[in-house]
Amino acid sequence: MINEFNEIYQDIILEHNQKPTNFYKMCTYTHYSKGYNPFCGDQLEVFYKIDKDIIKEISFLGHGC
């Protein structure tokens, strides 16, 4: 069963690599987060549009090892 999950996980990762979802910098955002992993160099920026405590839109930019 673990092998099945690994295969599904690998398929999802490969599909996302070919067609990333929400991979862009949102023009008008209300919140912003930035992360950096000094051990491997991963960088991530997340842009949120929040209205009345509800996430209306989310996008990100980044790269990793």
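Valine 46 touches His31, Tyr32, Ser33, Ile58, Ser59 and Phe60, leaving aside residues up to four places away in sequence; contact means heavy atoms within 4.5 Å. The model is predicted: local features need pLDDT of at least 70, side-chain atom pairs count only at pLDDT 80 or more, and totals for chains, interfaces and linings use all residues. Residues are numbered from 1 along each chain as its sequence is written, and side-chain values use heavy atoms, with hydrogens and water left out.

**Valine 46**
- Valine 46 lies in strand S2 (residues 43-51); strands (E, at least two residues) and helices (H or I, at least four) are DSSP runs numbered from the N terminus.
- Valine 46 is buried, at a relative accessible area of 14%; buried means under 20%, exposed over 50% and partly exposed in between, with a 1.4 Å probe and protein chains only.
- Glutamate 7 is 39 residues from valine 46 in sequence and 28 Å from it in space, C-alpha to C-alpha.

**Whole chain**
- The chain has 1 helix and 3 strands, in the order α-β-β-β along the sequence.
- Its radius of gyration is 15 Å, well over the 11 Å given by the globule rule for 65 residues, so the chain is more spread out than a compact globule. The radius is taken over C-alpha atoms, and the rule is 2.2 Å times the number of residues to the power 0.38.
- Along the principal axes, the C-alpha atoms fill a box of roughly 40 × 30 × 20 Å.
- Buried residues account for 6% of the 65 residues.
- Of the contacts between residues at least 6 apart in sequence, 25% join residues at least 24 apart.

**Aromatic pairs**
- The structure holds 4 aromatic pairs. Rings of Phe, Tyr and Trp (its six-membered ring) pair if their centres lie within 6.5 Å; planes under 30 degrees apart count as stacked, over 60 as edge-to-face and the rest as tilted.
- Phenylalanine 23 and phenylalanine 60 form an edge-to-face pair, with ring centres 5.2 Å apart and planes at 70°. This pair links distant parts of the chain, 37 residues apart: the loop between helix H1 (2-18) and strand S1 (31-36), and strand S3 (residues 54-63).
- Phenylalanine 23 is partly exposed at 38% relative accessible area, and phenylalanine 60 is partly exposed at 22%.
- Tyrosine 32 and phenylalanine 47 form a tilted pair, 5.3 Å centre to centre with 40° between the planes. Tyrosine 32 is in strand S1 and phenylalanine 47 in strand S2, 15 residues apart.
- Tyrosine 32 is partly exposed at 36%, whereas phenylalanine 47 is buried at 0%.
- Tyr29, Tyr32 and Phe47 form one aromatic cluster.
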